[in-house]
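Please examine the structure shown below together with its sequence.

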2 protein chains.
Amino acid sequence: MSPANSPVPKETITAALLVIGDEILSGRTKDKNIGYIADYLAALGIDLREVRIVGDEEGPIVEALNALRARHSYVFTTGGIGPTHDDITADCVAKAFGVSIDIDPRALAIMQERLATTKIEMNDARLRMTRIPKGADLVLNKVSGAPGFWIENVIVMAGVPTIMQAMLDEVAPKLKTGVRMLSETVRADAREGDIGTPLGDIAKAHPQVMIGSYPFFDPQLGPNTNVVLRGRDAEKLSTAKAAVEQMLARVRGAQTSKA
Amino acid sequence: MSPANSPVPKETITAALLVIGDEILSGRTKDKNIGYIADYLAALGIDLREVRIVGDEEGPIVEALNALRARHSYVFTTGGIGPTHDDITADCVAKAFGVSIDIDPRALAIMQERLATTKIEMNDARLRMTRIPKGADLVLNKVSGAPGFWIENVIVMAGVPTIMQAMLDEVAPKLKTGVRMLSETVRADAREGDIGTPLGDIAKAHPQVMIGSYPFFDPQLGPNTNVVLRGRDAEKLSTAKAAVEQMLARVRGAQTSKA
């Protein structure tokens, strides 16, 4: 039992990202959204746990949607909500949720207003972008008008980075967020292979801190390593960081005395 | 029955990519391998059908490995084969295949030779990189020594881009490859919403050609679209391309006559 005045720990909020588009898998387009969304969610205190990239094909999209939405607080999707035949994301989301999809009066009003100001004509292709699964809320698109949508825990966004970013800004204030993950990076000034074993011991002794090891090449010093510690408890993080720094001093000292 | 002198159509070779690493999901490291591997496999005539990114956690890695290897000709993995406690890819592959994993004499010999020339000492962490699932072939690493491996249809590579690229060059000559996908890009000089419906009709009439539509913003002309046609049959591709070009001329003509 926790004392009455201790804060209730916030739950962990997790997310998955589903990137939809043949053009990413064929190499024609290089994804620019995954890294952006990873940074964005980390800053909000939402743990991105999984990313999938699938093509413009109903079976794989529906399967991925259903697997991911059962498992995570949120599923974000990018791509496949434009006006052409290969834009099938909205239909796939409707299918995954077992709901109908039709022209949405709110989306239609947005499109009509935008087309009126830009003097572009409405047609079947543009009408296609107003089809929204039943029960979804719209996600406004301040860049180009055609909205994304949000149904249960699935948030459907455009694939064009500027539009996706604007949509993320629209939904962010409404997302449940967890305790922000804190992170510390310690430059080892040692080869990864020289610190692997003691670092593993520290990781075992500090189970609530995630410790990652990332080799890099320093043009002056040669092979080097960054140790990254991540955790939600500042004190535990700081204790683990001190343990890593002591270990590194020991390893470097041993190497100097041998040299 | 095909005539005796017609070439036997090559089978379609598909692949999945599994990117392993907390650092990608946290946003700390921006992936540079997905786009490279997508281009590389496309050039070989191997269809990349799915990509997944998971963290350094046994359950998700094993699950993804088993789902993907059952479905595709090849599964490529990147990341998690270094010397530290968070490098668990080899163990996860062994677990997915239900085979044992131990120090591999071939990998050990490579490491010992490399350490001898670089005067770096062997230790438990470096020994960890010689653990290879039983039955696997090694994938040589000309950059830094520690090998990847290849077991059944799963090819395990490093996450560091230069090392991954060298490993891909090692395995490429041994991969089964399909008929190379051909691709044509037609610049529409029209808004995506103006060509969506007729483009969908063309896609339906040419089922063996994949037609994608990619909006972009031209600083001079404003909203514009690239139409990308992909297929393995040069003649069918060329017929579909001609249909797209005729349609675009018609749409642009209609717009000019209205203006």
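The questions and answers that follow concern a predicted model, and they treat its chain contact, its strands and its salt bridges in turn.

Q: How many residues does chain B give to the contact with chain A?
A: In this predicted model, the contact draws on both chains. Chain A contributes 54 residues, and the number from chain B is 54.

Q: What area do chain A and chain B bury between them?
A: The size of an interface is often given as the accessible area lost when the parts come together. Of the area buried here, 51% lies on carbon and sulfur atoms. A:Leu25, A:Arg28 and A:His85 supply 14% of what chain A buries against chain B, more than any other three residues. The area that the two chains bury between them is about 4,200 Å².

Q: Which element gives the most to the side of chain A that touches chain B?
A: Several elements of chain A each supply at least two residues to this side, including helix H2 (34-44), strand E2 (46-54) and helix H8 (192-205). The highest contribution is 8 residues, and it comes from H8(A).

Q: How many charged residues has the side of chain A that touches chain B?
A: Sorted by class, this side has 19 nonpolar and 15 polar residues. The number of charged residues is 20.

Q: Which residue of E2(B) is the bridge partner of A:Ile53?
A: Strand E2(A) and strand E2 (residues 46-54) of chain B run antiparallel and are joined by 5 bridges. Within this pairing, the partner of A:Ile53 is B:Val51.

Q: Which residue forms a salt bridge with B:Asp194?
A: Across the interface of chain A and chain B there are 6 salt bridges. In the one formed by B:Asp194, the closest N and O atoms are 3.0 Å apart, and the other residue is A:Arg126.

Q: Which residues point the other way from B:Val154 and B:Val156 in strand E8 (residues 154-157) of chain B?
A: In a regular strand the side chains alternate between the two faces of the sheet. B:Val154 and B:Val156 point one way from E8(B), and the residues on both sides are buried. Those that point the other way are B:Ile155 and B:Met157.

Q: Which residue of strand E7 (residues 145-151) of chain B stands opposite B:Val156?
A: E8(B) pairs with two strands. Strand E3 (residues 74-78) of chain B runs parallel to E8(B) over 4 bridges, and there B:Thr77 stands opposite B:Val156. E7(B) pairs with E8(B) in the antiparallel sense over 3 bridges, and the residue opposite B:Val156 is B:Phe149.

Q: How many residues apart in sequence are the parts that A:Lys142 and A:Glu170 tie together?
A: The side chains of A:Lys142 and A:Glu170 meet in a salt bridge of 3.0 Å, N to O. A:Lys142 lies in the loop between strand E6 (137-141) and strand E7 (145-151) of chain A, and A:Glu170 lies in helix H7 (residues 161-171) of chain A, so the parts tied together are 28 residues apart.

Q: Is B:Asp218 buried or exposed?
A: B:Asp218 forms a salt bridge with B:Arg187, with the closest N and O atoms 2.7 Å apart. At 39% relative accessibility, B:Arg187 counts as partly exposed. The value for B:Asp218 is 10%, and since buried means under 20% relative accessible area, B:Asp218 is buried.

Terms used. Residues numbered from 1 in each chain as written. Chains lettered and ligands numbered in written order. Predicted model: local features only at pLDDT ≥ 70, side-chain atom pairs only at ≥ 80, totals over all residues. Heavy atoms only, no water. Buried < 20%, exposed > 50% of the residue type's maximum accessible area, 1.4 Å probe, protein only. Pairing = 2+ DSSP bridges. Contact = heavy atoms within 4.5 Å. Buried area = accessible area lost by both parts, 1.4 Å probe. Salt bridge = Lys/Arg side-chain N within 4 Å of Asp/Glu carboxyl O. Nonpolar A, V, L, I, M, F, W, Y, C, P; charged D, E, K, R; others polar.
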